[in-house]
Amino acid sequence: MADTWQHMQHVFRDIFDDEALDLQPETTAAGVEGWDSLTHIDLIVALEREFKIKFTTAEVTRLKNVGELAALIDKKLPVRP
Amino acid sequence: MNFVAPIFLLFLTACAVASRICQARFRAAFLLAVSYAFYCTRSVGAAAVLALLTFAAFRTALAAERTRAAASPAARWIGPAAVVFLAAYLAAFKIALLTPAHGIAGLAMPLGISYYTFRLISYILDVHWGKLPAETSLLNFAAYVAFFPQIVAGPIQRPGDFLAQLPPKPASAGAGWARIALGLAKKLFIADNLGPAINFVYAHVSTLHGAPLWLAFYLYPLQLYADFSGLTDIALGAGRLFGIEGPENFNRPFTASNISDFWRRWHMSLTNWLGDYVFVPLRMATRQAGNWGLAASITINMVAIGLWHGLSAGYLVFGLLHSAFLVADALTGRRRSRFFKAHPAWDRPGRWLGWFLTFHAVALAMVFFRAPAVGAAAALLCGLWSAAPASSLAAAGFEPRNLHLLALGIAGYALLEAGERWRPDLPLARLRHCGIRWVRWSFYSAAALLAAFGLALMLVYGTAAPAPFIYAIF
């Protein structure tokens, strides 16, 4: 989980071009400058590449905050031995 | 009933008072009843169609939820099929409007069709995607779809947001009426005073040169903003009287320093709607196609925004122009932000230049939005640069009295912008919560005097016959 969070933070900082960006589980799109429907998909594509997973449209539209996104990614990651 | 008609304001007052007296558990039913009463004053037939569509969407959402829970293959198509049907229903009326007789067999455009079909579509998709549980009370759902303050011209409220506020708890009536007064002032004092000059110029595009065309070029965006945001203010204020908070539609759009920023500030409830239900699904489907996928998604989304207003070449050009601006913005955004980070001294001039370009791009697209035909828009744009001596409005037959109104409209607009810029920082508003009674009462009496003064100004200078709201026809 901590690992996922670190990777996510890295992707977020790259997409929003902000090295000081500090993710919290309750962070929403409204709280990050430049997070609109355009950058949202850039973010999803970057996360898909980073974690080698795939999201569906329904999953992407259901997300309410960064915490839910992290939980969704964890659910999709293969269980490590 | 037009929102500025005294009969509407009387109807609204009576309903708001009755809703307060009404017991909380009957309030949703009361809202539904007055909404349909309002709708029936336009057309009983159209109200019956609205009721039928509402019932069908209600049952469809329940079926979509049930089939998904049962993992039945029908879950995949029930929601999308309903959405296709609703979109076709809306498109059919928009196409019917193209025929000279205004519709198939004289059918009139149902009131607020563009708004209520979007509300039904978002509800079905939200349930289909599992974002929202299907509503189990037909009464609450029907009250959402038909809610009369929002049916004429939005804002387009999301089902989850509205349904969570039922049964409504009426809040302070003062806040509702203040918002309505602001909307009336924007409409009667600004939009309707700017309107006659702009209408005159657009009606005489081919014979005018230079200055008057520039006047219309710069003023139409301001008129449209005052008119449409005024209408939204009335809708939001009226909603507040019943205890329903609606979504904001505007956030000082002409302060935007780039075009995507403009669309985050202009007709926000429509832009967000299309963002969620058109752009995101399209962009998800084309996300492996790189920049081409991005350009295609933006273009389809913006053309949809344009054609939502009506199927005409002008709205199509409006959508295409905005897609070109937005694609250029999206493809260069990262490079621009890197440049300004590396060269902080350029940040301020860059913002000003961005603001200048954005306003002109928006005004350019609005020429095609406003002009009766693409040819007239082109004539206006060419005439701006015409070498012929600038024509004078008065010489072209424009009534001098209307020039005074125009000046008032411009002054009113400046006041509006100044108010939006500084009002949030003014400590004045805090006085009404002051513990000392005489301070509080001084605030009340000053506010009442100001309102009376504004009303007097409006009666003297406001136009005698209000023009219909621009956005009430979509």
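1. A salt bridge is a side-chain nitrogen of Lys or Arg within 4 Å of a carboxyl oxygen of Asp or Glu. In this predicted model, B:K187 and B:D227 form such a pair, their closest N and O atoms being 2.9 Å apart. The pair links distant parts of the chain, since B:K187 belongs to helix 9 (residues 173-203) of chain B and B:D227 to helix 10 of chain B, 40 residues apart. Both B:K187 and B:D227 are buried.

2. B:K187 also has a salt bridge with B:D192, with an N to O distance of 3.0 Å. Like B:K187, B:D192 is buried. A separate point to note is that B:R179, B:K186, B:D233 and B:E248 are linked in a network of salt bridges. Over all chains the count of salt bridges comes to 17.

3. Which residue of chain A forms a salt bridge with B:R287? The partner is A:E48, and the closest N and O atoms are 2.6 Å apart. B:R287 lies in the loop between helix 12 (268-285) and helix 13 of chain B, while A:E48 lies in helix 2 (residues 37-51) of chain A, so the pair joins two chains. Side chains of opposite charge can pair when their charged atoms come close.

4. Are the two residues of this pair buried or exposed? The cut-off for a buried residue is under 20% relative accessible area. B:R287 has 12% relative accessibility and therefore counts as buried. A:E48 has 4% and therefore counts as buried.

5. The overall form of chain B deserves a paragraph. Chain B has 18 helices and zero strands. Its radius of gyration is 24 Å, close to the 23 Å that the globule rule gives for 474 residues, so chain B is as compact as a globular protein of that length. Along its principal axes, the C-alpha trace of chain B spans about 70 × 65 × 60 Å. Buried residues account for 50% of the 474 residues in chain B. Of the contacts in chain B between residues at least 6 apart in sequence, 76% join residues at least 24 apart. The accessible surface of chain B is about 21,800 Å², and 71% of that surface belongs to carbon and sulfur atoms.

6. The largest nonpolar core has 164 residues, and those with the most contacts inside it are A:M8, A:F12, A:F55, B:Y116 and B:Y471. Helix 10 of chain B gives the most to this core, with 15 residues. Leaving out residues up to four places away in sequence, A:M8 touches several residues of chain A, among them A:L23, A:F51, A:V66 and A:I73.

7. B:F228 is placed in helix 10 (residues 211-241) of chain B. With 0% relative accessibility, B:F228 counts as buried. Beyond its neighbours within four places in sequence, B:F228 is in contact with B:A153, B:N249, B:F250, B:H267 and B:Y471. B:F228 and B:G183 are 45 residues apart in sequence, and their C-alpha atoms are 9.0 Å apart in space.

8. The buried residues of helix 4 of chain B include B:I78, B:L86, B:Y89, B:F93 and B:K94. The buried residues of this helix pack against helix 3 (44-69), helix 5 (113-128) and helix 13 (290-308) of chain B.

Terms used. Residues numbered from 1 in each chain as written. Chains lettered and ligands numbered in written order. Predicted model: local features only at pLDDT ≥ 70, side-chain atom pairs only at ≥ 80, totals over all residues. Heavy atoms only, no water. Helix = DSSP H or I, 4+ residues; strand = E, 2+ residues; numbered from the N terminus. Buried < 20%, exposed > 50% of the residue type's maximum accessible area, 1.4 Å probe, protein only. Contact = heavy atoms within 4.5 Å. Core = buried A, V, L, I, M, F, W, Y, C linked by side-chain atoms within 4.5 Å. Rg over C-alpha atoms; globule rule 2.2 N^0.38 Å. Areas by Shrake-Rupley, 256 points an atom, 1.4 Å probe, with all protein chains shown as cover.
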